[in-house]
Amino acid sequence: GMTIAQKELDRPLSLTREDDKSFDQKTALTAFTKLTQADKSDIILNVAVTTAKALAPIAERTEKPVLILWDSNNELVHLNTWVSTMGFSIEAAGEDLAVFAYAKLGFRKIAIVSAQEEWSTIISNAFAAKFTALGGTIVLHERTPLDQEDFRTNVAKAKAAGAETIYLPLFSQGTNILVRQARELGYQGPLLAGDVFSQANI
C-alpha cells in the first residue's frame, strides 16, 4: 500500500524498510537507530504494541515521530507526544468478541488459551473481564509460551473444565497447531480467536 501511494504522490518520498524480526524489541530499537541516524528518516512507521512501547523512550529523546499502524490500546495512546497510533483498539476487540460470544452465540462457560505476549495478554484479559461482567464464566485461562507446539494438555483441560468453547488469542503458528490438535483429540466444539483466524490453512 505504501509503495502504491509513493508512486501516486506528486512529491518526492523516500521509503526505507527495516525488519523488526516479528516484534523483537531489541531488533526494533536497532532498526530505529539506523533509520533515524543513517537513513535520516523523518518518521518511523511501526506495527505492534510490543515494539511501540520499546520505541517510545527513544522517540521522545530524539524527537522523532513514530506512527503505529496496526495496534492501539489504552496505554499506547498515552505513551508520549512522539508516539501516535491509527490502529484498532486491542481492548475493544476483546470486549466486542466477548459480547458476541455471550449475547449472539449464547456461551456461558469459556476456556482461554493465550500466549505469554503483550497483545495476547491485553486482548485475553479484556475478553475475560467483559465476558465475566456480562454473567459468563471463564472456566480456565492457560497462558502458554510463544513457541509452544503441543496444546493437547491445554485442550484436555478445557474439555474437563466444561468449556463450551475455547478462545485462543494466539499468533498464526500457535493457532494452527491448536486447531489441528483439538480436532485430533476429538474436540468438535466451536473455537474463537483474534486476528489470525483468517489464515488459509486453518
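Colleague: Which residues line the second largest pocket?

Modeller: Its lining consists of Phe-23, Val-47, Ala-48, Thr-50, Trp-70, Asp-71, Glu-117, Trp-119, Phe-171, Asp-195 and Val-196. A pocket is an open set of points on a 1 Å grid over the protein atoms alone, where a 1.4 Å probe fits, with protein on both sides within 12 Å along at least five of seven lines; lining residues have an atom within 4 Å of a point. The model is predicted: local features need pLDDT of at least 70 and side-chain atom pairs 80 or more, while totals for chains, interfaces and linings use all residues. Residues are numbered from 1 along each chain, and side-chain values use heavy atoms, without hydrogens and water.

Colleague: How does the lining of the second largest pocket divide by class?

Modeller: Seven of its residues are nonpolar, one is polar and three are charged. Asp, Glu, Lys and Arg count as charged; Ala, Val, Leu, Ile, Met, Phe, Trp, Tyr, Cys and Pro as nonpolar; the others, Gly among them, as polar.

Colleague: How many residues line the largest pocket, and which lie nearest its centre?

Modeller: There are 28 lining residues, with Leu-15, Thr-16, Ile-43, Ile-44 and Leu-45 nearest the centre. By class, 16 are nonpolar, five polar and seven charged.

Colleague: Is Asn-154 buried or exposed?

Modeller: Buried means under 20% relative accessible area, exposed over 50%, partly exposed in between (1.4 Å probe, protein chains only). Asn-154 counts as buried because its relative accessible area is 7%. Leaving aside residues up to four places away in sequence, Asn-154 touches Val-113, Leu-140, Glu-142, Thr-144 and Gln-148, where contact means heavy atoms within 4.5 Å.
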